[in-house]
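Here are some exercises to work through with the model open beside you. Try each task before you read its solution.

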Amino acid sequence: MTELDLQAHPHRRFNPLTREWVLVSPHRTQRPWQGQVEANSQDKLPEYDPSCYLCPGNKRAGGKQNPQYKNTFVFDNDFGALLPDTPVDKFEAAGVLIAQGEPGICRVICFSPRHDLTISKMAPAELADVVNVWVEQYLELGSFPFINSVQIFENRGAVMGASNPHPHGQIWANANLPNEATKEQQALSEYSEAHQSCLLCDYLALELRQKERLVCDNEHFVALVPFWAVWPFETLLLGRRHTTGLDQLDEAERKSLAEILKQMTARYDKLFDVSFPYTMGFHQRPTDGQDHAESHLHAHFYPPLLRSATVRKFMVGYEMLGTPQRDITAEQAAARLRELKEVSDKL
């Protein structure tokens, strides 16, 4: 019988963080594409846009006016999906219809006053300021008694639903742990109890030995394409030292985090010579007052582009009804991103 070849044969890969599977079909990479093609807009943006509701001094969509901020700027989302004064009442009918009030706080972080920048184009010192603000917000929002989860993330690009090109991210702070964080926390906790070690520490040690899925690294952080990646050029950013949250990073680690974020996003931009769209976010310990030593600070990058700047991956059909599926293997994706080292190091 033919031996399984992970670079040629269809196979399943297991994600120990979510305990879900992904179908990998490397033989389909030559499949012709006649589906939807995205517009590739390379319009040069101005440093300041008078019509942008995130630029300094401008009026926001909700009517409030931004200050003339010089660095980062944080404000409560004028149209937040969560509201702090929401009642926590429960609704239930016959054990089938179940609902519960979900109080929370949504904030927006403008990374820079300049309208035309992205993380890949910001100076390391500017990004270090953003990291420090993330830490401050995590601690502040997590200190509210009714907040048990602080989700920091960025949607970049219109294809990812970003409503404004001005460089910004969001924070959604919830009373309850969201679905993805819940799955990860359960997996991390059960692995820690069973093995008396950290799942992501052990996984990182394995990846550092094998090297085939590594993308880039520095003294304190490693970026890699996870073995179980779903999105074509998905990456996982892991700290070398076991920390449970952004607040545990020392000054040198915060600078290293800023540097690897810049390097990783620069590689993405160069891959298809486009301002690369993605969703990026951090997973860290819940803010329920417990230590959560099983947690390991990490960030996920989920970019949708598949073959070029205009062809993206869709989650449809079998993937919605059955299991996520990918064609290009994690090893192939990592190799392509690694090839861009010389370019990204110059940015």
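Let's start with a term: a residue is buried under 20% relative accessible area, exposed over 50% and partly exposed in between, using a 1.4 Å probe and protein chains only. This is a predicted model, where local features need pLDDT of at least 70, side-chain atom pairs count only at pLDDT 80 or more, and totals for chains, interfaces and linings use all residues. Residues are numbered from 1 along each chain as its sequence is written, and side-chain values use heavy atoms, with hydrogens and water left out.

**Exercise 1.** Find Asn-218 and work out whether Asn-218 counts as buried or exposed.

*Solution.* 
- Step 1: go to the loop between strand 9 and strand 10 (221–224), where Asn-218 is found. Strands (E, at least two residues) and helices (H or I, at least four) are DSSP runs, numbered from the N terminus.
- Step 2: Asn-218 has 18% relative accessibility, so Asn-218 counts as buried.
- Step 3: look for neighbours. Leaving aside residues up to four places away in sequence, Asn-218 touches Arg-240, Ser-256, Glu-259 and Ile-260; contact means heavy atoms within 4.5 Å.
- Step 4: follow the side chain of Asn-218, which reaches the backbone nitrogen of His-220 at 3.0 Å.

**Exercise 2.** Which strands stand at the edges of the three-stranded open sheet?

*Solution.* 
- Step 1: the order is 1-2-16, and the pairing is mixed.
- Step 2: strand 1 (11–15) and strand 16 (325–326) are the edges; each has a single partner strand, so one side of each has no neighbour in the sheet.
- Step 3: strand 1 and strand 2 (residues 20–24) run antiparallel, joined by five bridges, and Arg-13 stands opposite Val-22 in strand 2.

**Exercise 3.** Describe how helix 4 and helix 6 pack.

*Solution.* 
- Step 1: helix 4 (residues 251–271) and helix 6 (residues 330–338) pack at an angle of about 95°, with their axes 9 Å apart.
- Step 2: that makes helix 4 roughly perpendicular to helix 6. Angles of 65 to 115 degrees count as roughly perpendicular, under 35 as roughly parallel, over 145 as roughly antiparallel and the rest as oblique.
- Step 3: Met-264, Arg-267, Tyr-268 and Leu-271 in helix 4 meet Arg-336, Leu-337 and Arg-338 in helix 6.

Methods. Axes are lines fitted to C-alpha atoms, for helices over the stretch in contact, and angles run from 0 to 180 degrees between N-to-C directions. A polar contact is a pair of N or O atoms within 3.5 Å; within protein, one must be able to donate a hydrogen and the other to accept it, and residues adjacent in sequence count only if both atoms are side-chain atoms. Two strands pair if DSSP finds at least two bridges between them.
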